[in-house]
Amino acid sequence: MVKIEHLVKSYGQNFALDDVSFTVEKGEVVGLLGPNGAGKSTTMNILTGFLSSNSGKAEINGIDILEHPQEAKKLVGYLPEQPPLYLEMTVEEYLNFVYDLKKCTFNRKKHLREICEVVRITDVYKRVIRNLSKGYRQRVGIAQALIGNPEVIIFDEPTVGVDPKQVIEIRNLIRTLGKEHTVIVSTHILSEVQATCNRIIIINRGKIIANERTEEITRTLEDVRRFKIKVAGPQTEVLELLRGRQGITYVEALPEREGDAYAFLCESAPNTDMRKSIFYALADKGWPIMGLEPIGMSLEDVFIKLIDKKAESAKRISRG
């Protein structure tokens with residue numbers, strides 16, 4: 001359904017995209033993950049016809065977006081990072097405007113009503129967009145992307161600035177849309193794609209460094225175990241004890257304190273559960289554990305781990 005081949009986009013000597021290739025099949029929900037400036041939005045802008053590339057191809061259902069932009073765009077619903085809203089219009093006026101702009105042929109009243117019910121904006125249908133909250137504006141942006149029932153839906157940072165309750169609702173909506181559409185979600189938030197996507201494509205500095213099923217990425221991330229632990233005891237001595245435990249590869253004192261309890265970040269070697277060892281060692285000293293919670297890897301940690309893994313694989317291949 002979506003096919004990108006050897007896409008290159010450069011600005012002078014700087015490459016926003018450097019030989020990027022991937023496909024997204026019908027019915028997949030794929031997350032394009034990377035930090036700000038990695039090349040995610042550039043990829044989305046080329047895929048939706050807003051930007052040209054230096055070389056390579058981008059196709060929607062076999063139609064080249066650069067050679068036949070109008071035909072390809074008819075198949076795509078797009079929510080950019082900043083929703084393209086006309087703030088002086090009511091939601092009703094705006095969605096009818098988009099309906100006409102897309103030359104939609106569905107029953108107007110029924111089609112717009114169904115979309116409003118899906119994205120839950122029926123209660124603000126008559127209100128001026130300027131007076132809506134960030135969350136409702138985001139939903140109106142999603143609604144315009146769904147007009148015409150496009151086969152491919154692309155979301156660029158769909159939950160930025162949205163409160164936690166609405167984040168959950170948007171994630172549920174994306175999963176629902178994935179049952180009948182091809183969906184691409186571009187984000188820099190790891191938990192976002194883990195919660196909504198079947199497959200994750202990780203891009204960094206214009207290059208794809210991973211393209212795997214979500215469960216495979218998750219398995220990679222579970223190789224390292226990190227915990228924040230709060231201990232009621234002398235900070236320096238607790239730090240020294242933790243650093244001396246076998247299987248613990250890294251310990252850092254955190255700038256947190258609760259009474260006489262200090263917080264520490266601990267990281268264990270792969271496939272090592274350090275919790276029992278820490279518990280018995282601290283109990284022997286009479287230093288109670290006041291809290292223990294797992295900490296997920298940061299996006300930067302993910303990149304470092306995946307890049308190291310890729311480099312190690314390349315070394316093994318060259319040796320073989």
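Predicted model: local features only at pLDDT ≥ 70, side-chain atom pairs only at ≥ 80, totals over all residues.

Me: How many helices and strands does the protein have?

Reply: Helices (H or I, at least four residues) and strands (E, at least two) are DSSP runs, numbered from the N terminus. Here you get 11 helices and 14 strands.

Me: Which residues have the most contacts inside the largest nonpolar core?

Reply: In soluble globular proteins, nonpolar side chains tend to be buried together. A nonpolar core is a set of buried (under 20% relative accessible area, 1.4 Å probe, protein chains only) Ala, Val, Leu, Ile, Met, Phe, Trp, Tyr and Cys residues joined through side-chain atoms within 4.5 Å. The largest has 45 residues, and V91, L95, I121, F155 and I202 have the most contacts inside it. Another core, of 27 residues, lies apart from it, with V30 and M44 among them.

Me: What order do the strands of the open sheet have?

Reply: Strands of a sheet pair through backbone hydrogen bonds, either parallel or antiparallel. Two strands pair if DSSP finds at least two bridges between them. This open sheet of 4 strands has the order 2-1-4-5, with antiparallel pairing. Strand 2 (14–24) and strand 5 (63–64) are its edge strands, each pairing on one side only. Strand 1 (residues 2–11) is joined to strand 2 by 8 bridges; V8, for instance, has D18 in strand 2 as its bridge partner.

Conventions
Residues numbered from 1 in each chain as written. Heavy atoms only, no water. Buried < 20%, exposed > 50% of the residue type's maximum accessible area, 1.4 Å probe, protein only.
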